[in-house]
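Visitor: Could you take me through a close look at the surroundings of the ligand? I would then like to see what lies beyond that site.

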Amino acid sequence: MIDNYKATVDKSKNKWTMWGNLKFYLRFIYNYDRKLFWEMLLYFIPTLTFTYIETKFPAVLVESLQRKGSLIQLVFMIGAVGLVYICAKAACFFLYEMSRERSKHLHFYVSEIFLHKMQDVDYELLEKQEYQEIYAGAWDVANTGRGIRQGTETIAMMLANGVGTILFGFIVGKSNLILFALVLISVSINLYLLELARKVHKRYYTEISKQAKGIQYISEITIDSAAGKDIRMFQLLDYLLKKYDENLKKMDEGFGRIHTAYGMRGLANAVICFARDGFAYFYLVSELAKGTISVADFVFLFGAISSFASGFEYLIRNVMRWHTTDTPIGVFREFLNTESSFCKHTSLSQTEFDELLKKGLEIELKNVSFSYGDKKEAVIRDFNLKIASGEKLALIGLNGAGKTTLVKLICGLYKPDSGDIFINGINTNNLTKEEYQKMISVMFQDAYFLPTSLDTNIIGAKQLCADEMSRVLRLSGFKEKYERLPHKGDSLLVKKINPEAIDFSGGERQKLIFARALYKNAPLVILDEPTATLDPIAEHELYTNFKEAIGNSTAIYISHRLSSTRFCDRIVLLENGKIVEEGTHDSLIKKEGRYAYLYEMQSKYYQDEKEKKRRIQYMEGEA
Ligand code: ADP
């Protein structure tokens with residue numbers, strides 16, 4: 001049952017047929033630019049006009065000369081046909097250039113679709129290796145427009161060649177079925193060889209996407225200032241360059257294999273065409289010698305066979321070229337096909353939802369289990385916990401106990417493998433993503449900032465309210481820093497994008513993240529190690545302001561500093577994804593169990609540190 005809503009990655013291969021991809025692309029171009037769509041589809045009319053003139057005109061000329069008609073009539077006919085020919089050529093040129101120009105920025109449209117879809121992708125999938133391949137491939141398509149931009153030209157040519165092939169095929173077939181069959185057989189062999197080459201392309205394209213992802217990652221981290229210090233201090237650059245070269249080499253090998261496959265097919269095609277055309281010429285010359293066809297017929301059929309054959313050849317070439325568009329489309333459609341595990345339609349009215357936000361949140365986890373990926377061992381095991389509305393709950397445990405995983409489950413970033421999570425009695429499976437996200441404010445340790453103003457980073461999607469801003473700055477302890485900034489709330493963040501952006505210390509960053517979490521004013525606030533990088537004074541301030549800052553909201557406070565959780569209503573101690581103890585600080589100390597033991601160990605460390613300082617002061621005569 002659970003699989004029905006748990007985030008899914010459907011990896012069934014070759015799901016995207018060529019015909020399906022073509023229909024998808026046509027719809028896509030139609031939505032992007034109607035003019036481009038029609039230019040692409042109508043290109044065949046002028047192309048076919050001048051090709052037909054090129055084929056038929058020599059025969060008409062031969063016939064006129066044989067009839068020995070008037071010279072004026074002949075000149076007039078040549079002039080009229082010449083005019084149509086020039087107009088058709090000009091129209092072809094115009095349509096070709098216009099559509100090339102229009103499709104230049106097509107990949108921005110693909111990127112926009114990518115970014116919209118990305119919002120809908122479950123966080124859980126982003127961490128899955130198999131899914132990373134899918135979205136890296138799709139991003140490569142969106143970012144470079146690889147294959148997508150050329151698609152309009154390929155379709156225009158395929159149409160022109162296709163209609164031309166039908167027309168000249170009909171002319172040839174009417175005159176001689178053997179010749180017609182011969183061309184068909186040669187084309188079938190070509191198509192089969194093309195399919196083999198396509199398979200090679202598909203296989204190596206997936207491999208190449210993996211290498212491209214590796215190269216992109218290495219490029220990104222080498223220019224990232226955060227990674228920069230580790231790269232320098234641990235001399236990692238040589239290793240990264242080696243990996244970069246390895247990936248590049250594998251990519252080259254992949255491209256080499258693809259080109260070889262298409263090259264071999266091209267060679268086979270040339271041999272087949274040579275044999276077919278040789279036979280056609282031999283046959284027509286013998287028919288002319290027998291007198292079954294006239295010289296004008298000979299010239300026309302000669303031209304028609306040549307147009308039929310070259311039409312076919314270029315049709316195949318463009319069908320082959322279509323694969324360079326078809327494969328990226330398949331990759332992109334695979335990404336678009338990702339199912340979101342969230343409920344699509346709300347079961348709550350706006351009033352009911354507003355009431356829910358005002359009321360405060362009661363959260364209940366019932367028999368929840370969760371494991372990462374295909375790992376058999378659950379990280380959260382048959383977990384039951386009820387947090388009352390307005391309760392301040394401390395979640396503690398050693399590293400790897402499952403605290404962060406539990407928080408991500410409560411936030412809806414992960415979905416349980418089994419069991420359910422209820423918010424005010426509503427199963428969270430029945431909430432939409434937007435509803436869910438509005439209810440919760442989280443202070444993650446690895447918070448992300450947008451390369452925009454400080455104020456925008458704090459208020460997020462909400463409106464700026466000066467009083468509220470002042471309140472959260474005071475309660476988070478960030479006010480002093482904020483006031484000292486020359487541009488205050490207009491100061492820019494993220495140096496990579498804005499060279500004039502400001503840098504914050506770890507502690508200042510943490511206060512800023514806390515301010516952001518408070519500004520959201522959500523009925524559930526989750527704080528993941530909020531004091532990890534704070535100095536003792538800032539830490540003390542946060543504890544003092546905690547009750548006022550959180551107000552009536554329900555709060556989950558994660559910390560490894562046990563003393564900091566004393567002001568919470570209840571403490572829950574996690575071990576291996578299970579609750580091993582719970583209660584107030586005093587009751588847990590009295591119990592003399594695991595919590596008491598951990599608390600004693602930490603206190604002892606602080607006592608030892610205090611003792612050491614006192615001894616140094618004594619030795620130096622300061623005590
Ligand atoms: P805590 O926050 O208590 O330190 P976590 O919830 O981060 O613990 O981790 C619990 C367990 O899950 C650990 O054994 C950890 O190695 C594993 N884990 C955490 N994140 C992932 C992940 N993205 N993929 C696989 N295993 C993970």
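Guide: The account below begins at the ligand and then turns to other parts of the chain.

This is a predicted model, in which local features need pLDDT of at least 70 and side-chain atom pairs count only at pLDDT 80 or more, while totals for chains, interfaces and linings use all residues. Residues are numbered from 1 along each chain as its sequence is written, and side-chain values use heavy atoms, with hydrogens and water left out.

The ligand is surrounded by E127, Y372, V379, L398, N399, G400, A401, G402, K403, T404 and T405; a residue is near the ligand if one of its heavy atoms lies within 4 Å of it. By class, this shell holds four nonpolar, five polar and two charged residues. Here Ala, Val, Leu, Ile, Met, Phe, Trp, Tyr, Cys and Pro count as nonpolar, Asp, Glu, Lys and Arg as charged, and the others, Gly among them, as polar.

A polar side-chain atom of T404 lies 2.5 Å from a ligand oxygen. For G402, a backbone N or O atom is 3.0 Å from an oxygen of the ligand, and for A401 a polar backbone atom is 3.2 Å from one. Taken alone, the ligand exposes 560 Å², of which the protein buries 61%; these areas come from the Shrake-Rupley method with a 1.4 Å probe, and for residues only the protein chains shown count as cover.

Helix α14 covers residues 403–410, and seven of its eight residues are buried, so the helix is largely enclosed by the rest of the structure. Buried means under 20% relative accessible area, exposed over 50%, and partly exposed in between (1.4 Å probe, protein chains only). Helices (H or I, at least four residues) and strands (E, at least two) are DSSP runs, numbered from the N terminus. The buried residues of α14 are K403, T405, L406, V407, K408, L409 and I410. After α14 comes G412, with a positive phi near 85°.

Elsewhere, S340 sits in the loop between α12 (295–336) and α13 (350–359), and counts as buried at 9% relative accessibility. The S340 side chain makes a polar contact with that of D122 (3.5 Å).

Conventions. Polar contact = N/O pair within 3.5 Å; in protein donor to acceptor, adjacent residues only side chain to side chain.
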